[in-house]
Amino acid sequence: MRFVLPKGRLFRDSVEILKKAGIVIPERPERVLIWSNGRDEFLLARAYDVPVYVEHGIDVGIAGSDVVEERGSDVFIPLELPFGKCRLSIAMSRERAVQPEDMDGFRIATKYVNITQRFFEKLGVEVEIIKLHGSVELAPRIGIADAIVDIVETGNTLRANGLVEVAKIMDVSALLLVNRIAQKVKFEEINSLIMRLRRVINGA
C-alpha cells in the first residue's frame with residue numbers, strides 16, 4: 001500500500017497509530033519525501049495537500065477534518081482518529097468582539113476560504129474574505145481584517161495577540177482517508193488496516 005503522511009503537528013501521532021496497527025514504518029532518511037519498508041511506500045506531504053494525494057491515487061492518508069472540509073476532496077473516510085483535536089473558530093480583538101450574526105461587511109482573514117464562506121452564507125451575513133496562509137493573527141492587529149478564522153487549540157496564541165474567540169465553526173480531529181478506487185481494488189488489505197486501527201482506538 002501507499003501511505004501519505006502529513007508534515008507538522010499530526011506527523012508523529014500518525015506514524016505511532018499506524019505502527020500500533022502493525023504497519024512497519026522505517027525512520028525517514030533526512031530530506032527524503034518518499035521512502036519504503038520494502039512492501040509499503042510512504043510519502044510526506046503538507047497536511048493541506050494530503051486529501052488531494054489520496055483523491056488522485058495514493059491508497060491511504062491521514063489529515064485533519066478541517067483540511068478535508070476545506071478541500072472538499074472525494075475520498076472515503078472510514079475512521080476518526082483519536083488525535084489532532086482542536087477547533088476552527090472565529091476570533092477578533094477583545095475591544096471589538098461581536099457575534100457572527102453582526103459581522104455584515106466585515107473583512108475576515110483566513111486560509112479556510114470555503115468553510116468561512118459557507119458558514120457566513122448560512123447565516124445570511126455578507127463578509128469579505130482575505131486569504132492568508134500564515135500568522136493570520138496579525139491581520140486584525142495591523143488593521144487589514146476585522147476578524148480571523150483559524151485553528152484554536154489552547155487559545156494562547158489568540159491571547160498573546162489580544163484576540164478572543166467569539167464563535168466555534170467546527171470541531172477538528174485527524175481522519176483516516178482512503179482512495180475510493182483503492183477501497184475496492186485493495187478491499188481486503190485496506191479493510192484489515194481499518195479493523196486493526198479500530199482495535200487500537202478502542203484500546204483492544
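This is a predicted model: local features need pLDDT of at least 70, side-chain atom pairs count only at pLDDT 80 or more; totals for chains, interfaces and linings use all residues.
## Helix H8 and what follows

Gly-203 comes after helix H8 and has a positive phi, near 70 degrees. Residues are numbered from 1 along each chain as its sequence is written, and side-chain values use heavy atoms, with hydrogens and water left out.

H8 itself covers residues 187-201, 15 residues in total, and spans 21 Å from first C-alpha to last. That is close to the expected 21 Å, taken as 1.5 Å times one less than the number of residues.

## One face turned inward

Which residues of H8 are buried? They are Ile-190, Leu-193, Ile-194 and Leu-197, where buried means under 20% relative accessible area, with a 1.4 Å probe and protein chains only. Viewed down the axis of H8, these buried residues fall within an arc of 100 degrees, so they line one face of the helix; the arc is that of the directions from the helix axis to the C-beta atoms. In general, an α-helix has 3.6 residues a turn, so residues three or four places apart point the same way.

The buried residues of H8 pack against several elements, among them strand E1 (2-6), helix H1 (11-20) and strand E4 (60-64).

## The cores

The largest nonpolar core holds 26 residues, and Leu-18 and Leu-193 have the most contacts inside it. Such a core is a set of buried Ala, Val, Leu, Ile, Met, Phe, Trp, Tyr and Cys residues joined through side-chain atoms within 4.5 Å. H8 gives this core its largest share, four residues.

Leaving aside neighbours within four places in sequence, Leu-18 is in contact (heavy atoms within 4.5 Å) with Phe-3, Leu-5, Ile-23, Ile-25, Ile-62, Leu-193 and Leu-197. There is also a second, separate core of 21 residues, including Cys-86, Ile-115, Ala-147 and Ile-169.

## Leu-43 in strand E3

Leu-43 sits in strand E3 and is buried, with a relative accessible area of 12%. With neighbours within four places in sequence set aside, its contacts include Phe-3, Val-4, Leu-5 and Trp-35.

Technical notes. Helices (H or I, at least four residues) and strands (E, at least two) are DSSP runs, numbered from the N terminus. Buried means under 20% relative accessible area, exposed over 50%, partly exposed in between (1.4 Å probe, protein chains only).
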